[in-house]
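These are my notebook entries on a structure that I had not examined before. I set down what I looked up, in the order in which I looked.

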Amino acid sequence: MSEFGRTERHESSREPKEIPIQDALEGRADLESASETELAQLAEKIELMILEVDPTLKPAYRQLLQKIRCLGAQYGAQYDDTLALASEYTVRSKSTEKTLRLQLQPIANYAELGHLGIEARTVDRSKSKAYLLCITDEEKGCWINLKFFKAVLADGSEVSVVYIADRYVIPQLRGEGLGSALLQVAEGIARGNQCSAITGVLVPENPGEAQALQRGMEKAGFSVTKKETGEVIAKKMLPY
Ligand SMILES: CC(C)(COP(=O)(O)OP(=O)(O)OC[C@H]1O[C@@H](n2cnc3c(N)ncnc32)[C@H](O)[C@@H]1OP(=O)(O)O)[C@@H](O)C(=O)NCCC(=O)NCCS
């Protein structure tokens, strides 16, 4: 076992069984024993549900989804000692301190480099690396999920970038600095790995919070621009 968790693959040969969302929400489903396929299917259903459920139920669905992502990440967990990453990070707010655990999972898609004007087809995959980093506290009270790209392009140039895939603080803990501390964790990882940029698409959970979200990113030093497609991109260039 590596410090990042299980290294062996746990895909079972049995037929995948459907896990009812309600059982998972109420803690009756044994998610730890579920196969990779069963977790992926459950995550897909929850992602759709999140769009429809009553806003008061969203946090419980988001927390469940993050729990599943972390369990899924364990299947592909890897340790890469060429990267400057810690297995744990601490974030502090006015009233709490949380220890976040990092899980590292290889991914194969470089699409998010497009936000920096780099087309995925120009990436030499045999020489490049991409990972999903899930960085979450035990209780799933807050997390930041990052995609880390260390890409070698067809012309031989190298680009390292951190992309913010998701950032979340449960409603009871908001407004006390945890969200900003999560951005600092992301920036620390980007700087520690000499990334030239950290970027993300801003998708507020509640559309009415788009301006507040943008202000928070700007306060953290990101520039925010709206593309013709309507996508709102936050970007911070780093001096590497
Ligand atoms: C975005 C989020 C992670 C911020 O977490 P937080 O712990 O409340 O953040 P902080 O306390 O560090 O506040 C940082 C800044 O965020 C901004 N902010 C305030 N209310 C906000 C809100 N409801 N939503 C987003 N940003 C907000 C403010 O600029 C704030 O700075 P200020 O307190 O000096 O005014 C949290 O609101 C959240 O989880 N929202 C739902 C999920 C979401 O929309 N994620 C963004 C995906 S791109």
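Entry 1. I began at the end of a helix: just after α4, Gln194 takes a positive phi of about 55 degrees. I note here that the model is predicted, and that every value I record is computed from it.

Entry 2. I then turned to α4 itself. Helix α4 has 15 residues. From its first C-alpha to its last it reaches 21 Å, close to the 21 Å expected at 1.5 Å a residue.

Entry 3. Which residues of α4 are buried? I found Leu178, Gly179, Ala181, Leu182, Leu183, Val185, Ala186, Ile189 and Ala190. I recalled that an α-helix has 3.6 residues a turn, so residues three or four places apart point the same way. The buried residues of α4 pack against the strands β1, β3, β4, β5 and β6 (197-201), and against helix α5 (210-219).

Entry 4. I next looked up the largest nonpolar core, which has 48 residues. Those with the most contacts inside this core are Leu133, Ile135, Leu146, Val162, Leu182, Val185 and Ala186. At least two core residues come from each of the helices α2 (36-52), α3 (58-75) and α4 (178-192). The strands β1 (88-92), β2 (97-106), β3 (129-137), β4 (142-152) and β5 (158-169) likewise supply at least two each. The largest share, 8 residues, comes from α4. I also noted that the core draws at least three residues from each of domain 1 (21-75) and domain 2 (88-237).

Entry 5. Leaving aside its neighbours within four places in sequence, Leu133 is in contact with Leu102, Leu104, Asn145, Leu146 and Phe148.

Entry 6. How many residues surround the ligand? I recorded 20, the closest being Arg174, Gly179, Ser180, Ala212 and Gly216. The elements that give two or more residues to this shell are β5, α4 and α5. Helix α5 gives the most, with 5 residues. By class, I recorded 8 nonpolar, 5 polar and 7 charged residues in the shell.

Entry 7. Is Glu218 buried or exposed? Glu218 counts as exposed because 12 other C-beta atoms lie within 10 Å, and the cut-off for an exposed residue is 12 or fewer.

Conventions: Residues numbered from 1 in each chain as written. Predicted model: local features only at pLDDT ≥ 70, side-chain atom pairs only at ≥ 80, totals over all residues. Core = buried A, V, L, I, M, F, W, Y, C linked by C-beta atoms within 7 Å. Buried ≥ 20, exposed ≤ 12 C-beta atoms within 10 Å, placed from the backbone. Helix = DSSP H or I, 4+ residues; strand = E, 2+ residues; numbered from the N terminus. Domains from an automatic or database assignment. Contact = placed C-beta atoms within 7 Å. Expected span 1.5 Å × (residues − 1). Near = placed C-beta within 6 Å. Nonpolar A, V, L, I, M, F, W, Y, C, P; charged D, E, K, R; others polar.
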